[in-house]
Amino acid sequence: EAAGKAQIITLGLPNVVAYAATDGAELWRVEGMDGEITPSPIFAGGLMLAPSPSTKLIAIRPDGSGDVTKTHVAWAAEEGVPDITSPVSDGQRMYLLTTGGTVTCLELKTGKKIWDKELDLEFKASPSLAGDRLYLVSAKGDVIVLAAGSEFKELARAELGDEAVASPAFVDGRIFFR
């Protein structure tokens with residue numbers, strides 16, 4: 001639900017396209033996608049956030065019509081853009097994680113980098129947010145828990161004992177890893 005409409009967002013070369021969920025009609029489009037599109041877009045803080053793998057992340061105001069490339073792009077960021085994983089947001093900040101292990105925190109309204117940290121691990125699972133904690137699961141099965149906030153703060157680390165490429169699921173106070 002964005003701008004008073006149920007929208008289905010798709011990423012493909014070279015556009016981000018919004019369709020009406022009711023009848024499939026195209027609502028708006030923004031040009032700017034590159035590469036093999038793997039990450040999924042998210043909606044947070046009134047913005048549609050579309051990652052173009054390893055190149056840029058585009059923040060779009062979802063209330064336009066037609067080609068809104070020149071009128072509705074709120075900002076674009078080029079640092080820390082993931083190639084596989086999808087971003088996550090707490091409504092004030094957005095967290096990005098690259099396959100190479102760099103976690104980046106951006107201010108949601110402006111796209112300005114707040115902090116980044118190199119974790120020296122490989123990641124294929126998207127970061128997950130539960131309450132005020134950010135969960136990162138490395139490909140070799142390390143679970144890193146960070147405080148979601150304006151400064152980098154590692155809270156805990158654990159080993160699953162097996163490889164992991166899927167994001168955890170959170171249900172009834174439990175965390176499920178696959």
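## A loop close to the end of the numbering

Aspartate 172 is found in the loop between strand S17 (169–171) and strand S18 (174–176), and, as with everything described here, its geometry is read from a predicted model. The residue has a positive phi of about 50 degrees although it is not a glycine. Most residues other than glycine have a negative phi. At 78% relative accessibility, aspartate 172 counts as exposed, the cut-off for that class being over 50%.

## Overall build

The protein has 0 helices and 18 strands. Its radius of gyration is 16 Å, close to the 16 Å that the globule rule gives for 178 residues, so the protein is as compact as a globular protein of that length. Taken along the principal axes, the C-alpha atoms fill a box of roughly 50 × 30 × 30 Å.

Buried residues make up 47% of the 178 residues, and the accessible surface comes to about 8900 Å², with 46% of it belonging to carbon and sulfur atoms. Among the contacts with a separation of 6 or more, 38% are accounted for by residues 24 or more positions apart. As for charge, the protein has 17 positive and 25 negative side chains, and the centres of the two sets lie 4 Å apart.

Most peptide bonds are trans.

A run of antiparallel pairings can be followed from strand to strand. Strand S4 (residues 42–44) pairs with S5 in the antiparallel sense over 3 bridges, with phenylalanine 43 standing opposite methionine 48 in S5. The hairpin of S4 and S5 has 2 residues between the strands, and in it glycine 45 takes a positive phi near 55 degrees.

Strand S5 (residues 47–52) is in turn joined to S6 by 5 bridges, and these two strands run antiparallel. Methionine 48 stands opposite isoleucine 60 in S6, while serine 52 stands opposite lysine 56 in S6. S5 and S6 form a hairpin with 3 residues between them, where serine 54 in the turn has a positive phi of about 60 degrees. S6 also pairs with strand S8 (residues 73–77), in the antiparallel sense and over 4 bridges; here isoleucine 60 stands opposite valine 73 in S8.

How many residues of S5 are buried? The strand is mostly covered, with 6 of its 6 residues buried, where buried stands for under 20% relative accessible area. In a regular strand the side chains alternate between the two faces of the sheet. In S5, Leu47, Leu49 and Pro51 point one way, whereas Met48, Ala50 and Ser52 point the other way, and all are buried. Methionine 48, which has phenylalanine 43 opposite it and also isoleucine 60, is therefore one of the buried residues of this strand.

Strand S6 (residues 56–60) has 4 of its 5 residues buried, so S6 is largely enclosed by the rest of the structure.

Alanine 3 has its place in the segment before S1. The residue shows a positive phi of about 55 degrees although it is not a glycine, and with a relative accessible area of 47% alanine 3 is partly exposed.

Methods: Residues numbered from 1 in each chain as written. Predicted model: local features only at pLDDT ≥ 70, side-chain atom pairs only at ≥ 80, totals over all residues. Heavy atoms only, no water. Rg over C-alpha atoms; globule rule 2.2 N^0.38 Å. Buried < 20%, exposed > 50% of the residue type's maximum accessible area, 1.4 Å probe, protein only. Contact = heavy atoms within 4.5 Å. Areas by Shrake-Rupley, 256 points an atom, 1.4 Å probe, with all protein chains shown as cover. Lys, Arg positive; Asp, Glu negative; His and termini not counted. Charge placed at Lys NZ, Arg CZ, Asp CG, Glu CD. Pairing = 2+ DSSP bridges.
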